[in-house]
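The sequence and model are placed below for reference.

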Amino acid sequence: MENGAARTAQAVIVAIDGPSGTGKSSTSKAVAAKLGLSYLDTGAQYRAITWWMVSNDIDITDPSAIAAVAGKPEIVSGTDPAEPTITVDGTDVAGPIRTQEVTSKVSAVSAVPEVRARITELQRALAASAPAGIVVEGRDIGTTVLPDADLKIFLTASPEARAARRSGELKGADINATREALVKRDAADSSRKTSPLAKADDAVEVDTSDLTLQQVIECVVTLVEEKRAAA
Ligand SMILES: Nc1ncnc2c1ncn2[C@@H]1O[C@H](COP(=O)(O)OP(=O)(O)O)[C@@H](O)[C@H]1O
Ligand SMILES: Nc1ccn([C@@H]2O[C@H](COP(=O)(O)OP(=O)(O)O)[C@@H](O)[C@H]2O)c(=O)n1
């Protein structure tokens, strides 16, 4: 990727991918804050376009109906890791994109190629304009969105660990139901035709099942610092 005029000499692009509950958001935010980088949660963008589809009564079982309106909503992401924001047509949707309804529909919407093309364009533009560099987290960042990233990390964790973390967040949620929903979403995200959830060949895989969040953050910070020192 070409560095724009506004970027520093050491601008660094970090791609963090992996399934739900592996620690992508928490790790990416903390690493970006610690290193003075921007931060982009690409899952929030797919959730935002899904929220718009649901709010506008688009039939999400019909990929052509989704494709026909994929260009309509204006999705804007704020990339400060201390205060990430997401708006759709000027409305703050940080809360509404986390509902059970959006979570259960996001894989179907994000499988539509026109949706991916639109969102990928936004992601590349944000990465190219981040002054000191950026940590971008998602499912296809290292493979498709930013294949020339300076560092690629693929986070994994057992379904049990991931379900325990998620049901800790969703107070009172049944752990088995949470686990099943996660595994189902992983399968949908991994099996779609257009840029599925996958580890890039040159990504460093980190199994976070038995690591604390702090250990994962330190591991990624060290990897970024090593890359910078070698550049
Ligand atoms: N290594 C870890 N050990 C324990 N809990 C973790 C770890 N990493 C993340 N968490 C917790 O698990 C939950 C899901 O993490 P999150 O960063 O949102 O994952 P993802 O973005 O991959 O879905 C959060 O509540 C987070 O605090
Ligand atoms: N780069 C990305 C990021 C998310 N997504 C989709 O968006 C959904 C929500 O992503 P997320 O990161 O918010 O999910 P959680 O891991 O936070 O539950 C995923 O299940 C994918 O369907 C994607 O297709 N590509």
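Which side chain has an N or O atom 2.8 Å from an oxygen atom of ligand 2? I found that this is the side chain of Ser 20; I count a polar contact as a pair of N or O atoms within 3.5 Å, where within protein one must be able to donate a hydrogen and the other to accept it, and residues adjacent in sequence count only if both atoms are side-chain atoms.

Conventions. I worked on a predicted model, in which local features need pLDDT of at least 70 and side-chain atom pairs count only at pLDDT 80 or more, while totals for chains, interfaces and linings use all residues. Residues are numbered from 1 along each chain as its sequence is written, chains are lettered from A and ligands numbered from 1 in the order in which they are written, and side-chain values use heavy atoms, with hydrogens and water left out.

Ligand 2. I noted a nitrogen atom of ligand 2 at 3.0 Å from a side-chain N or O atom of Thr 42, and a nitrogen atom of the ligand at 3.0 Å from a backbone N or O atom of Arg 139. On its own, ligand 2 has 530 Å² of accessible area (Shrake-Rupley method, 1.4 Å probe), of which the protein covers 98%. Its shell (residues with a heavy atom within 4 Å) holds 19 residues, with Ser 20, Arg 47, Arg 116, Arg 185 and Asp 189 the closest. I sorted the shell by class into three nonpolar, six polar and 10 charged residues. Helix α2 (helices are DSSP runs of H or I, at least four residues) gives the largest share, four residues.

Helices α2 and α4. I looked up how these two pack: their axes, lines fitted to C-alpha atoms over the stretch in contact, come within 9 Å and cross at roughly 100 degrees. They are therefore roughly perpendicular (65 to 115 degrees). The contact (heavy atoms within 4.5 Å) includes Tyr 46, Trp 51 and Met 53 of α2 and Val 102, Val 106 and Val 109 of α4. By class, this contact has eight nonpolar, three polar and three charged residues.

Ligand 1. I recorded 16 residues around ligand 1, among which Gly 21, Lys 24, Ser 26, Arg 166 and Glu 169 come nearest. The side chain of Lys 24 places an N or O atom 2.8 Å from an oxygen atom of the ligand, and a backbone N or O atom of Leu 211 lies 2.8 Å from a nitrogen atom of ligand 1. Alone, ligand 1 exposes 560 Å², and the protein buries 79% of that.

Notes
Helix = DSSP H or I, 4+ residues; strand = E, 2+ residues; numbered from the N terminus. Nonpolar A, V, L, I, M, F, W, Y, C, P; charged D, E, K, R; others polar. Axes fitted to C-alpha atoms, helices over the stretch in contact; angles between N-to-C directions. Parallel < 35°, antiparallel > 145°, perpendicular 65-115°, else oblique.
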